[in-house]
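Please look over the sequence and the structure shown here before reading on.

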Amino acid sequence: MGSPPNLTRQDEKRLKILAAAEETFLEKGFHAASMSDIARKAGISTPHLYNFYENKAAIALSVQEKMAEETFTLLTGAMNSEPEEQEKFIKHLLDPRRASLTLTVMTEATRNPVVMERVVENGEKLMTQLRAHYHIKEDDEDRLFRLEVSMRLFLGISIGSVFCGIVEGGKLRNILMEINRWLVDNKSETNCLNGEEKTNAV
C-alpha cells in the first residue's frame, strides 16, 4: 500500500518507523525485538525513536491501527472494484506477512490489556466503517449479523493462510463477491463503490 498524499515530514518518519517495526516484529517476534533493532532498521538513533514512541507496546498499537485502516480499504476495494483493480487489492489481502503480523500483535494483546483494548477499539472502528459503507442501520439485526459473520470468515481465511497456505486469488475473489452480495440489502440494489443506492420494487 502506498503512503497517503500530503504527509508532513513527521508523518513520513512515523510511517518509516512503523514499516521498520513491522519488519523487525516479523523477523524476530515481538518480545525478541528491541527498540534499538527498530531504530536501526528505520535508520534513526534509538533516542530519536523514543521521541515518537515510548515503548514497543506503543509501536504495536500504531501498527495494529494502521493495519485496521488498510483492511477497510483492501476489503471494500476487493469486493467493489472492477476485476482488474480487484487483483491489486486481493494481492495485498493474501499477503501472508499481513496475517503473520496480525498474529504477532494479537499474541501481545493477550498479554497486554492496553494493547487488547486498542485492538478491540480498532475492530469496532472497522465495523463502524463497514456499516456506513453498506448503509446498515443499527436496528437492522439481520444485516449486522451478516456483517459480523463475514468479518469472522475473513479473519479466519487471513489467519489460516499462515498455517494452511494461501487461498487461490480467484477463489477468494468469488468468496468476497458472495460476501458483498450477502451484505447488500436484498430490498435494494446498492452500488457500494460510489455510494449511490437505487431502490427496486419488491
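A crossing of two helices is called left-handed if the near helix is turned anticlockwise from the far one by less than a right angle, and right-handed if it is turned clockwise. In this predicted model, α1 passes α2 in a right-handed crossing, and that pair of helices is taken up again below.

The confidence of the prediction comes before the details. The chain has a mean pLDDT of 81, and 84% of its residues reach 70 or more. Over residues 187-202, however, pLDDT stays under 50, and for this stretch the model has 21 contacts beyond four places in sequence. Where pLDDT is low, the predicted coordinates should not be read in detail.

Two packed helices are described by the angle between their axes and the distance between the axes.

| Helix pair | Crossing angle | Axis distance |
|---|---|---|
| α1 and α2 | about 125 degrees | 8 Å |
| α4 (residues 56-80) and α5 (residues 83-93) | roughly 140 degrees | within 8 Å |
| α6 (residues 96-111) and α7 (residues 113-133) | roughly 125 degrees | within 6 Å |

For the pair α1 and α2, which pack at an angle of about 125 degrees, the angle makes α1 oblique to α2. From α1, the residues K16, I17, A20, A21, E23, T24, F25, E27 and K28 take part in the contact, and they meet D37, I38, K41 and A42 in α2.

For the model, the count of salt bridges comes to 14.

Helices α4 and α5 cross at roughly 140 degrees and are therefore oblique to each other, and their crossing is left-handed. On the α4 side, T73, L74, L75, G77, A78 and M79 meet Q86, F89, I90, H92 and L93 in α5. This contact of α4 with α5 divides into seven nonpolar residues, four polar ones and no charged ones.

Helices α6 and α7, with axes that cross at roughly 125 degrees, have an angle that makes α6 oblique to α7, and α6 passes α7 in a left-handed crossing. Their contact is made by V105, M106, E108, A109, T110 and R111 of α6, together with P113, V115, M116 and V119 of α7. Among the residues of the contact of α6 with α7, seven are nonpolar, one is polar and two are charged.

Notes. Residues numbered from 1 in each chain as written. Predicted model: local features only at pLDDT ≥ 70, side-chain atom pairs only at ≥ 80, totals over all residues. Heavy atoms only, no water. pLDDT = per-residue confidence, 0-100. Contact = heavy atoms within 4.5 Å. Axes fitted to C-alpha atoms, helices over the stretch in contact; angles between N-to-C directions. Helix = DSSP H or I, 4+ residues; strand = E, 2+ residues; numbered from the N terminus. Parallel < 35°, antiparallel > 145°, perpendicular 65-115°, else oblique. Nonpolar A, V, L, I, M, F, W, Y, C, P; charged D, E, K, R; others polar. Salt bridge = Lys/Arg side-chain N within 4 Å of Asp/Glu carboxyl O.
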